[in-house]
Amino acid sequence: MFSNIHTSILTGIILLLPFISTGQKTAVYQDPRKDFKKGLELFHQGMFERAQQQFEKVLQNRYWEQEKKDDLMELDASYYTVVCALELLQPDAEKRLLAFIRDFPEFPKTRLAKFHLGRYYYQHKKYKKTIEWFEKVDIFDLTNAEIIEYRFKLGYCYFYKKNFEEAKPLFESIRNIKSRYYYPANYYYGFISYYRKDYDAALNSFLNIQESRRYGLTMPYYICQIYFMQNRYKKLLEYGIKALDNPNIRHYDEISYLIGQAYFMTRDFSNAIPFLNDYVATGSGLRKEDVYQLAYAQYKSRVYPAAVNNFRKLITYKDSLAQNALYNLADCYLKLGHKDKARSAFINASKYDFDPEIKELAVFNSGKLAYELGFHREAINTFQKFIAAYPDSRHFTRSQELLTDVFLTTRNYKQALRVFESIPVKTPAIKKAYQKVAYFRGVELYNDQKFSEAEEMFDASLKYPVDIDLQASCKFWKGELHYALKNDDRDVTGCLVRHAQHPLLHHPRFRAVVPRTGHH
């Protein structure tokens, strides 16, 4: 019987040996510090799931020997377990970390927990909360890499909120440090500088990131824009034309347009045309100013039919651009030999007051073309208005000369003389015309038997002896007039006959003014 009982106990002991052995091994060989160290290594390697397992292992298994209990390591393990939960986006991670911060406010790692909570909110695009928690962080608790990350993410949150004053210095502090945030920090710093019109700073940042895979295809457009804003047209052409070699570049059409603008601003109109023409042809975001620049470049390059087509697109706007377009359109028509169309365009340009100089020139040219086309009444009205409105114009004298020519053509000598008398300083051309008009007016008065007045006109003509033949003819007439007056007009008919036989009067220039006979 004893033997059976002993056998049973011995068998039970043998069966329990593996468990006793295992339990003794755990108590003797399990080292929580080793597990914690392993978890920390995994954490810094970014292997958060395995690291979390190690830290939880520390929290679960480190109480075999209560006398060796380490409260600090327990808190560290708890901290890292929650941070791993954040990195792994576990549902209760935010709640657990907030509880940790609340429960252990004096624990050194709590200050770092605020940084991780800010990162968590940044990852979830909760930028207001990110700012709230990042502002509680002391950067002296962070590593160099974490400081760069902290400044970039806080800077971005401020940027997103359009608080550029706070964002700019954060980006500036890290934009020259080679890190994963080097390109984005330069990108956002550059845009803040660009927005504030600090083009030098913006250009410096954009040039730093033009080799970036993420930003490189976008930067040439902004770099070209800055060169244009700075009036560095040569640099824009040099950089922009090279940039267009890459067909994948973003804002390709806009860069092409800026190149056309640069050529235009340097007055290289022939090279500007293809770039401006391509942009206008797209029709996307087109402004009337773009059409005008293309038309003007074509006009200056003597591509008149194309210029006419584009200027005509602008003449309905009724603004300063339309006035300029009409004036240039008129000149294109002149170059193409369409004087009547040019006259109409000048007339329309003269109706606007946006540019006084263009208005003045348009009035003068419309009158000049009316004169050349034989629209005498229109020419007279236009020149009279011009003379009254623009006494200081450089075309004032010429307008007077043309007006007198119209009066001569229409034989309105009386009106022509009034114009001459209003001219204080008479040019050689005016004197020559005055000599002719006074002479013809004298003949006209003679024919009307107003001999005293006729003599006054012959005297006036002789004041400006520019044309020798006309001077001789005038003297001849005056001599005959004296003879007639001396004989009390009794031999006027005979005088007129003798005048008609004078060889000068048969000269083609004077044939039309032979006095009429048969008045007595």
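Lys126 has a relative accessibility of 38% and therefore counts as partly exposed. On this scale, buried means under 20% relative accessible area, exposed means over 50%, and partly exposed lies in between, with a 1.4 Å probe and protein chains only. The structure is a predicted model, in which local features need pLDDT of at least 70 and side-chain atom pairs count only at pLDDT 80 or more, while totals for chains, interfaces and linings use all residues. Residues are numbered from 1 along each chain as its sequence is written, and side-chain values use heavy atoms, with hydrogens and water left out.

## A patch of positive charge

Lys126 is placed in the loop between α6 (108-123) and α7 (127-134). Helices here are DSSP runs (H or I, at least four residues; strands are E, at least two), numbered from the N terminus. Together with Lys128, Lys129 and Lys161, Lys126 gathers in a patch of positive charge on the surface. Such a patch is made of residues with over 30% relative accessible area and no salt bridge, like charges being joined within 9 Å and nonpolar side chains (Val, Leu, Ile, Met, Phe, Trp, Tyr) within 5 Å. Lys and Arg count as positive and Asp and Glu as negative, without His and the chain ends; the charge is placed at NZ of Lys, CZ of Arg, CG of Asp or CD of Glu. Accessible areas come from the Shrake-Rupley method with a 1.4 Å probe, only the protein chains shown counting as cover for residues.

Lys128 counts as exposed because its relative accessible area is 65%. In sequence, Lys128 and Lys161 are 33 residues apart, and their C-alpha atoms are 8.4 Å apart in space.

## Salt bridges

A salt bridge is a side-chain nitrogen of Lys or Arg within 4 Å of a carboxyl oxygen of Asp or Glu. By this rule the model holds 21 salt bridges.

One of them joins Lys335 to Asp331, with the closest N and O atoms 2.9 Å apart. The two residues belong to helix α18 (residues 320-335) and stand four residues apart, about one turn of the helix.

In another salt bridge, the side chains of Arg343 and Glu378 meet at 2.8 Å, N to O. This pair links distant parts of the chain, with Arg343 in helix α19 (residues 339-349) and Glu378 in helix α21 (residues 376-389), 35 residues apart.

Asp459 forms a salt bridge with Lys478, and here the closest N and O atoms are 2.2 Å apart. Distant parts of the chain are linked by this pair as well: Asp459 is in helix α25 (residues 451-462) and Lys478 is in helix α26 (residues 468-486), 19 residues apart.

| Residue | Relative accessible area | Class |
|---|---|---|
| Lys335 | 45% | partly exposed |
| Asp331 | 16% | buried |
| Arg343 | 12% | buried |
| Glu378 | 25% | partly exposed |
| Asp459 | 31% | partly exposed |
| Lys478 | 18% | buried |

## Backbone angles in two loops

Most residues other than glycine have a negative phi, and most peptide bonds are trans. Arg411, although not a glycine, has a positive phi of about 60 degrees. Arg411 lies in the loop between α22 (396-409) and α23 (413-421). With a relative accessible area of 48%, Arg411 is partly exposed.

Gln449 is not a glycine either, and has a positive phi of about 65 degrees. The loop that holds Gln449 runs between α24 (428-447) and α25. Gln449 has 29% relative accessibility and so counts as partly exposed.

## A contact in space and the cysteines

Asn208 is placed in helix α11 (residues 199-208). Asn208 counts as partly exposed because its relative accessible area is 26%. Along the chain, Asn208 and Tyr183 are 25 residues apart, while their C-alpha atoms are separated by 7.7 Å.

A search of the whole structure for disulfides finds zero; a disulfide is a pair of cysteine sulfur atoms within 2.5 Å. Cys224 has a relative accessible area of 0% and is therefore buried. Cys474, at 0% relative accessibility, likewise counts as buried.
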